[in-house]
Amino acid sequence: MRKVIGLLIFCMIFISFSEMGISEASPKSKYLTKEQSIVPPVTFYDSYGEQNNTSLNFLTNGTYEWKWTIRSAHQFSFDKFSDKMVYYTDFNDIYTAVDGEGKRKWMFFDERANVSRTARGTLISTFYDQSSTLQIIDEEPTTITQHGYLKIYNSDETVRATLNFVKPNSPFSDIYWLDNNENIIVLEQTGIVSYNKTGQKNWTYGTDVLVSEDRLLGTTTNVDDIYFSDLNGYLIVEIGNKKILLDDQGKLVNGEKIAGNLQSSFIDYDDFNKWKGGSYETGEGANLIAKNLSGKIKWNYKLRKYGPPENIVANSKGHVFFSDVNGNIYGLDEMGNEMFCLLRNNSALTLTELLVDNEGDLIGITDNIGMFKIGLRKASMRINGELFKLAKLPVVKSGVVLVPYRNVLERLGFKVVENQKTHEITGKLESKEIRFKPEDSTVYLNGKQRKLTVGAESHNGTTYIPLQLIAEVSGLEMEWDPSIKEARLGTATSLAQNAVERFLLQVEQGDEVKIKNSLVKSNNLNLKVAKLLGTHQSFKQIYDLKSISVKAVSKDEMIVETVQRNQQYFQKNQAIFDKVMTNHFTINRMKDGQWKISDFDI
């Protein structure tokens, strides 16, 4: 019900503010400039589904960067981040969980079901019985609604319990209700029933509640609506002009004594957000106001174009993120200075939803882009395909990739010791050894001296060494992807396998920019990819990888075989389920050391 009301308020706000022009910067806020604009690594689609990146600008000071995009996700399907996963529904009603990298962990599909995740992580799917309708006849025009059942799932997505329900008369009423302890309240044939999360019955309230079956009228009820009071948690049951109040034990509450306290204390969290250092809220006009813990205003930020700010969320650092009615998205630091802005430059009403994940990064869903993540620029690399966080970003000097030595050597199992007198650093793992000194171009690999053009160097107090040296002493290979500034270490087979896994993820996310960087330049490959991607809403290709194996053809070529459950979803929920396919990818090592796909048979 709140989503519908929120949409109406949204439209009213849009009418009020859509004519506002560009506002001057607040003297306390630092605005990004056009010179800090980069081409976002995402394809923007207009309202007709046509590609159009010309109106999209992504301004950033380098603190935050665009991480990934899942273009098939649609609005009003966002569930809170829990267990390091975020949940969404795509245009084909597939309910999906992805991790912080945008990798799919599991999915749920049933064309009859509406799926949601509770704040504590419980998955509930609601099924309507399409063969029967709930029909209410009174003095008002006839209202037709539905009944059916809902399922509660365990964390491994097995069914924990199945409950039947009857939908009340109000078109805005939810199918089920959750109290503060996450007990589920439903209307059944016997009355209003409370169940715990395992599906065990807590209580039943049947007084004054009528639910009956009629051969002509079908299922009928006198209950118009059921909802919770935001102030005190009472369950409110509306029957005609009468309100019945129930406590958390299903006991009738004397409404006369508390009638004056029933007003809602609901806060519109689209316009307000707290963090450990204070709060952020919408001010008059196109303003965001920051307050300290005592409620005193710290600073005021005036939006560049349309207002007011909404979908306000903040992370533990005090970085605040919000959108406006036209889908522009802003990220400010705790002092009110812009860190990034996604400017859509369109005057149309654009729906947006935002949340902060467990890493403090921003995840959002917005019209014509889908779901995306904008996160802090973090130092990371991959070792045998697994993401590994570095203390500092890699440095590239004269074409040589340098990484913090201790992070990587210790991750590979080397024991690292520094001689406090000579400042010589030694990394040793069984018979493998590397020795070097900061600011010295001489290094010793397994006792053999090596003179380098670029040796060990110090940058901002951290000692770096060439990644190639770590690869040699550990017996691994390395590659550097300049498009995303990612360093990788691994065996030749693991690097080739990871290239295929990245490609499958990029196809599923629909990220044309990253896909292009994963492939050898070829018009034939571009045509193949275009067929896989389809349009941004009507098609989604999902590859549920069952197994993957790698066969070396030569030093610089691999054949990767995958066994996958290939699922292709079209409009109107037409789908191919559980079609196991074997696919082959040809992977070649480029001159710069990267492994890229030169052919595939999907």
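Trainee: Leaving aside neighbours within four places in sequence, which residues is Glu479 in contact with?
Mentor: Keep in mind that this is a predicted model. Start from strand 46, where Glu479 has its place. Skip the neighbours within four places in sequence, and its contacts are Glu486, Ala487, Arg488, Leu495, Arg502, Gly593, Gln594 and Trp595.

Trainee: Is Glu479 buried or exposed?
Mentor: Buried means under 20% relative accessible area. Glu479 comes out at 0%, so it counts as buried.

Trainee: Which side chain does the Glu479 side chain join in a polar contact?
Mentor: The Glu479 side chain also has a polar atom 2.9 Å from a backbone nitrogen, that of Trp595. For a side-chain partner, though, look for the polar contact of 2.8 Å, and you land on Arg488.

Trainee: Which element gives the largest share of the largest nonpolar core?
Mentor: That core has 31 residues, with Met381, Val408, Ile434 and Leu489 having the most contacts inside it. Elements giving it two or more residues include helix 3 (405–411), strand 46 (477–481) and helix 4 (467–474). The largest share is five residues, and it comes from helix 4.

Trainee: What does Val408 touch, not counting residues up to four places away in sequence?
Mentor: Val408 is one of the residues with the most contacts inside the largest nonpolar core. With those up to four places away left out, it touches Met381, Phe388, Leu390, Val403, Ile470 and Leu489.

Trainee: How many residues are in the other core?
Mentor: This core lies apart from the largest one, and Ala492, Leu504, Met558 and Phe585 are among its members. Its count is 21 residues.

Definitions and conventions:
Residues numbered from 1 in each chain as written. Predicted model: local features only at pLDDT ≥ 70, side-chain atom pairs only at ≥ 80, totals over all residues. Heavy atoms only, no water. Core = buried A, V, L, I, M, F, W, Y, C linked by side-chain atoms within 4.5 Å. Buried < 20%, exposed > 50% of the residue type's maximum accessible area, 1.4 Å probe, protein only. Helix = DSSP H or I, 4+ residues; strand = E, 2+ residues; numbered from the N terminus. Contact = heavy atoms within 4.5 Å. Polar contact = N/O pair within 3.5 Å; in protein donor to acceptor, adjacent residues only side chain to side chain.
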